[in-house]
Amino acid sequence: MKIVKILLAFLIALPSFSQESSLDMACITNIDYGPDPQGMYSYSTTFNPSFSTTPPIVINTKFWILRHDDGSTINNLDQDDLLQTIANLNINFNQFNIFLKYRGFENIDNDEIYDMTGFEEIKDAFELLELETENTLNIIIHDLFESGAADRPYGTFAVVGAPLLTGWVTMHEVGHCFGLEHTYNKWGIPVPTVCEHVTRDDTNPCIENPADPYEPCFNATTKGDYLVDTAAISSTIPENSYNYLTCEYDIVGQDCQGSPYSLFEVDLLNFMNYNRPNSISVCKTMFSDGQGVRMRETIFGYPSVFNPIKGDVPDLYEPYAGEYYVAGPIPDPSTNPLFQPGFDYVFRSCSCNNQPTYDCVNGPCDFEDDDFQSNFVIVDAVSKYESDFSSITHPNHSSIYISQLAGFQERRCYDNWNRAAESGSLMQFNDGVINANVTISPQDSLQINNPNLINNLQQGLYLIDKNFNDGSTQQTIIFKENNE
């Protein structure tokens, strides 16, 4: 992990992001960039989860923690906080076949940047420092923010207040990076040609100069958040009669034409609305299908922006930390290969014994090698809600199955028998055939791991049974022909 500490005495203070620089706002990302590019968006209200129709998108994601020159912060975050955040992101984005690969974090120890409160000036400071941000989605964590901000109308940078990191605000800001507007966009502007109308009757589209500007015509794809399956709505704050105890409006509002809102759960709980204050954690739990489609279409629609930060599906089967055991002494468990949370993992028993071309000893076989032997016995299973991150590791003699990537079946069999056994037994079949006439000799760790064990045996038929400290066993039948 690199620590950056450079004085920016030469850096001129830049203006805050847009005219809205107050740190107590829900989201200072609030600029309207005009109509959508022609032909880019489908405005679909349904999402097809089939990988053949909507292939997985993997986004490399990195965190940057702003700190003082001396490394101090108000909010002392550790890697578990970042892992919880990446888990929350995946839990909410995976439903749209968008997967975020954790690429670690860096501390930025710099008083100049730490004191900045403008989104654009922070981005400019990162550029001046020549930080490696070109190939990742960058989530900057800021002590002084009580809100969030993000690139708009799309991009690869977001800033989130440190106390808000594991909550809904991070979902909200990453949604902006992927092309989502606030669901309440321009709701408070009393101009009929600007605000989004309640009606979803697309057979009655608004014309440029309607004879009656208050006719309830359809404009959901050109006003508000440009989505059909999120309703015209005001911001979900107490000033607009939104109740955080019920997650509903006590008094339902109306659009600029006087039509009462027609709201559903996905509107009342949508990540792209907001709470006031931001520390309120309830009532923000959902994206709509239309938002999922729009995020994917944004990522595909701007390849020059998003292709550099994309990863590949095999990346999700790689640990973010730790190493695979190869040989030698039993390793410290803290060095085990660790996998990011937020996925449902199933580790199934596997074997590469009959696949001599596979390398499952020095580490798991390649992602593309998928015809190893498996008996589908579950060695371990981990829920996407697992909070003991040190437990999410790849057991020996198992493959990886990720429920969210079920189309790829199980992958990466790891079948390493180089580890020294802690005990075992030597069974000799006295008649030279497999039957009940046997002599069993228990073996301690020195005996069972003796490299000359087989060479020292007399001629005959044997079963060598090895027991390992991870609970696995290995049985090998050998026929010793002579003592040479």
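Figure 1. Asparagine 336 has a relative accessible area of 25% and is partly exposed, because buried means under 20% relative accessible area, exposed over 50%, and partly exposed in between (1.4 Å probe, protein chains only). Asparagine 336 sits in the loop between α7 (303–306) and β9 (345–351); helices (H or I, at least four residues) and strands (E, at least two) are DSSP runs, numbered from the N terminus. Tyrosine 324 is 12 residues away in sequence, with a C-alpha to C-alpha separation of 6.5 Å. With neighbours within four places in sequence left aside, asparagine 336 is in contact with Ala321, Gly322, Glu323 and Thr393, where contact means heavy atoms within 4.5 Å. Residues are numbered from 1 along each chain as its sequence is written, and side-chain values use heavy atoms, with hydrogens and water left out. This is a predicted model in which local features need pLDDT of at least 70 and side-chain atom pairs count only at pLDDT 80 or more, while totals for chains, interfaces and linings use all residues.

**Figure 2. The salt bridge between aspartate 315 and arginine 103.** The two side chains meet at 3.4 Å, N to O; a salt bridge is a side-chain nitrogen of Lys or Arg within 4 Å of a carboxyl oxygen of Asp or Glu. This pair links distant parts of the chain, 212 residues apart: aspartate 315 in the loop between α7 and β9, and arginine 103 in strand β3 (residues 98–109). Aspartate 315 is buried at 19% relative accessible area, whereas arginine 103 is partly exposed at 38%. The whole structure contains 11 salt bridges.

**Figure 3. The salt bridge between arginine 276 and glutamate 239.** The N to O distance is 2.9 Å. Arginine 276 is in the loop between α5 (265–268) and α6 (289–301) and glutamate 239 in the loop between α4 (168–177) and β7 (242–243), so the bridge ties together parts 37 residues apart in sequence. Arginine 276 is partly exposed, with a relative accessible area of 35%, and glutamate 239 is exposed at 52%.

**Figure 4. The salt bridge between glutamate 318 and arginine 412.** The closest N and O atoms of this pair are 3.1 Å apart. Glutamate 318 belongs to the loop between α7 and β9 and arginine 412 to strand β12 (residues 411–414), so parts 94 residues apart in sequence are tied together. Glutamate 318 is partly exposed at 34% relative accessibility; arginine 412 is buried at 8%.

**Figure 5. Phenylalanine 93 and the largest nonpolar core.** A nonpolar core is a set of buried Ala, Val, Leu, Ile, Met, Phe, Trp, Tyr and Cys residues joined through side-chain atoms within 4.5 Å. The largest one has 75 residues, of which Phe63, Phe93, Phe178, Phe287, Tyr317 and Tyr345 touch the most other members. Apart from this core lies another, of 17 residues, among them Trp64, Leu66, Ala125 and Leu129. Not counting residues up to four places away in sequence, phenylalanine 93 touches Ile98, Leu100, Met171, Val174, Gly175, Phe178, Phe287 and Met295. In soluble globular proteins, nonpolar side chains tend to be buried together.
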